[in-house]
Amino acid sequence: MPRTSALLSPAFSDATVADAMRVGIISCPADAPIRAIAEIMASYHVHAVVVEGVASETGPGWGIVSDLGLTEAAARGTLETTAGELAAPQAATIGPSDSLTRAAKLMSEQGVSHLIVSTEPTTRPLGILSTLDLAVVLAWGRDRA
């Protein structure tokens, strides 16, 4: 049986981050305990939570706690950790008009599976882009034969 999708997207080579991203974010404050992060991930069936107010060189910013980061903390037995301590201090960001090819390169270079989508790193994120979002465009993009 041929696989089909109701999702229409441009060819990967022509697609922008805006074509593939999830609009809006699921977030928590930097002082949220690890259990709260796990509850958010389990309740919303997501693999990453955006963390507000993560300390960085330029002041409070945005970070990401992924399911892998949560798993690593659990494996180390550091269950008293907060979201701000777990989140990378400089989460990878990308603009909505950037190409998906650029997004894939950035994910690969930084070893991350999620990018915060923002017009500027200090402004509230517009959404998030994950490796699964890239896979959807690769699988169902219009250039598919």
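A residue counts as exposed when its relative accessible area is over 50% and as buried when that area is under 20%. In this predicted model, the exposed residues Leu132 and Leu138 sit on the face of helix H6 that is turned away from its buried side. The buried residues of H6 are Asp133, Leu134 and Val137. These three cover an arc of only 100 degrees around the axis, and therefore lie on the same side of H6. Among the elements that cover the buried residues of H6 are helix H1 (17-20), strand S1, helix H5 (100-110) and strand S7.

Helix H6, residues 131-140, also takes part in the lining of the largest pocket. Its contribution of 3 residues is the most that is given to this lining. Strand S1 (22-23), strand S3 (48-54) and strand S7 (127-130) each supply at least two residues of the lining as well.

The space in the largest pocket comes to about 370 Å³. Of the 17 residues that line the pocket, Arg22, Val46, His47, His114 and Ile128 lie nearest its centre. By residue class, the lining holds 8 nonpolar, 7 polar and 2 charged residues.

The second largest pocket has a volume of about 320 Å³. Its lining is made up of 18 residues, and those nearest the centre are Ile64, Ser66, Ala88, Gly111 and Val112. Strand S4 (61-66) and helix H3 (67-76) each provide at least two lining residues, and H3 gives the most, with 4. Here the division by class is 9 nonpolar, 7 polar and 2 charged.

What surrounds Ile34, leaving aside its neighbours within four places in sequence? This residue lies in helix H2, which spans residues 34-44. Beyond those neighbours, Ile34 is in contact with Leu70, Ala73, Thr78, Leu79, Thr81 and Leu86. The relative accessible area of Ile34 is 7%, so Ile34 is classed as buried, the cut-off being under 20%.

Technical notes. Residues numbered from 1 in each chain as written. Predicted model: local features only at pLDDT ≥ 70, side-chain atom pairs only at ≥ 80, totals over all residues. Heavy atoms only, no water. 1 Å grid on protein atoms, 1.4 Å probe; cavity = no way out; pocket = protein on both sides within 12 Å on 5 of 7 lines; lining within 4 Å. Points joined across faces, edges and corners; volume = space filled by probe spheres on them. Nonpolar A, V, L, I, M, F, W, Y, C, P; charged D, E, K, R; others polar. Buried < 20%, exposed > 50% of the residue type's maximum accessible area, 1.4 Å probe, protein only. Contact = heavy atoms within 4.5 Å. Arc of directions from axis to C-beta.
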